Amino acid sequence: MNPGIRVLRRVGSWVAAAVALLLIINLGNRILEFQRDTRYFQRPFEVSVAMGETKLTRTFGVAVVSVRGAGAITDPTGGVPHGTNGIWIIVTLRATALDGPREIGHYSLRDARDRVFWASDRVKQGIHGGRTLQPGVWIEGEVAFEVPRDVATGKLTVLLAEHRFDTRVDSMIAVELDGVTTSAVDTWASDRTATLAATTVIE
Amino acid sequence: MSSTYGGQGGDGVYHVGPYGGLRDWLSLHRVVAGLVALAAVATIPFGGLNKADAGRYGGLARVEVGQAYDAGPWRVTVTGGRLLKDQPPLRAKKKTNRWVIVLATVEVTADETRNDTLDILRISGAEKLAGDEPDTIMLRSDYSLLPALHPGLPEQLIFGWEQDATAAVPASIDVIIWGKTLRMNSLTESEEWLDHGERAVLTVPVQDRRNA
């Protein structure tokens, strides 16, 4: 074969490969453009559960037992009452680990406006304060959230996941709270003597 | 032989070449005046001399004590400044240090609890501070340290900077409100609060209450 044609063929094959590569990259980008917000498509796998119902994720089991509120709360170990400009929402829950020692790292409340409130760091939380769950051992404790009073105008959901901050594609339990109404919040706000319950082993 | 383009030739006569007239016209004060004019013109793309008069914070919004300012994830209202001796609940790392205090109300306007309260304020105009970041931030209500702030719940905060006892007593300080912008992160391609930077400035009188 003519050496010139051989060189042209070789160059042509390189050019074709480069063009194919660029087309693939372009196609990948267009797929990403279709759904760019990774926060959305890496969102946690949320499983909705009713209050009182026990649900198992891959690594822990949990049930939200009850909810109450207060205008000020005191740590289980005592100290000064912590007031609030809003309302304290106190959730009682039971939890255990499934496959090994675990923590539930993420405790938050989501309101109807999609605002997310982390469990408070102003009080010494029992079950949320770094308590390690052991497999097969159920414990019960309270978690306190500080929220504005207007959260009571819509639904309020407890969110629980293993990792505190990075909840991407994580299992997440979502429990809609019953009984958090405007009138209930008004009543709770006058209670300034509430004390967070200590965490106990129940079975 | 004489120079073609001017200058004093061997014959002692000053020869005027093509640039001779310009050279005569250029004197020291004319050159200096020209350079000053050039420098003034050069400032025009950057806002001209009006901006320069406003000092280092000329590009920032000016707010007043007691005026709320939206700086992205938070709305900040600076309410006052104090100079305090080291006393509980403050706890200086160096016992002789005193405290420059800024009082402010902060409301998170983002849709999720934030724990980056250290990013909200900086001060200028006080000498010999321990650092740029506040050395302490606490709730005014119960002195909770470095509290996370929740959406829709305005909180009165105490921002404290340790100051060396030998520093001059500040009569006033500049408080700079820092902010962030919610935008797409080009690396993670998700919306995040980024571009942490100065947004607004105000001058706050400092009340000396070391003996109160």
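## Interface between chains A and B

In this predicted model, 9 residue pairs are in polar contact between chain A and chain B, both residues of each pair being at pLDDT 80 or more. On the side of chain A that touches chain B, the elements giving two or more residues are α2 (38-41), β4 (78-97), β6 (116-118) and β7 (139-147) of chain A. That side of chain A comprises 7 nonpolar, 4 polar and 8 charged residues.

The contact involves 19 residues from chain A and 22 residues from chain B. About 1800 Å² is buried between chain A and chain B, with 46% of it on carbon and sulfur atoms. The interface of chain A and chain B has 1 salt bridge: the side chain of A:R122 pairs with that of B:D142 at 2.6 Å, N to O.

## Salt bridges within chain B

Over all chains the count is 23 salt bridges. One of them joins B:R75 and B:E107 at 3.2 Å, N to O. B:R75 belongs to strand β5 (residues 74-85) and B:E107 to strand β6 (residues 98-108) of chain B, 32 residues apart. B:R75 is partly exposed, its relative accessible area being 30%.

B:D164 and B:K94 also form a salt bridge, with their closest N and O atoms 3.1 Å apart. B:D164 lies in the loop between β9 (155-163) and β10 (172-184) of chain B, and B:K94 in the loop between β5 and β6 of chain B, so this pair ties together parts that are 70 residues apart in sequence. B:K94 is partly exposed, with a relative accessible area of 42%.

## A buried pair and a network

B:D116 and B:R114 meet through their side chains in a salt bridge of 2.7 Å, N to O, and both B:D116 and B:R114 are buried. In chain A, salt bridges that share partners link A:D111, A:R113, A:R115 and A:D150 into one network.

Note on methods
Residues are numbered from 1 along each chain as its sequence is written. Chains are lettered from A and ligands numbered from 1 in the order in which they are written. Side-chain values use heavy atoms; hydrogens and water are left out. Contact means heavy atoms within 4.5 Å. Buried area is the accessible area (1.4 Å probe) that two parts lose on being put together, summed over both. A salt bridge is a side-chain nitrogen of Lys or Arg within 4 Å of a carboxyl oxygen of Asp or Glu. A polar contact is a pair of N or O atoms within 3.5 Å; within protein, one must be able to donate a hydrogen and the other to accept it, and residues adjacent in sequence count only if both atoms are side-chain atoms. Helices (H or I, at least four residues) and strands (E, at least two) are DSSP runs, numbered from the N terminus. Ala, Val, Leu, Ile, Met, Phe, Trp, Tyr, Cys and Pro count as nonpolar, Asp, Glu, Lys and Arg as charged, and the others, Gly among them, as polar. Buried means under 20% relative accessible area, exposed over 50%, partly exposed in between (1.4 Å probe, protein chains only).
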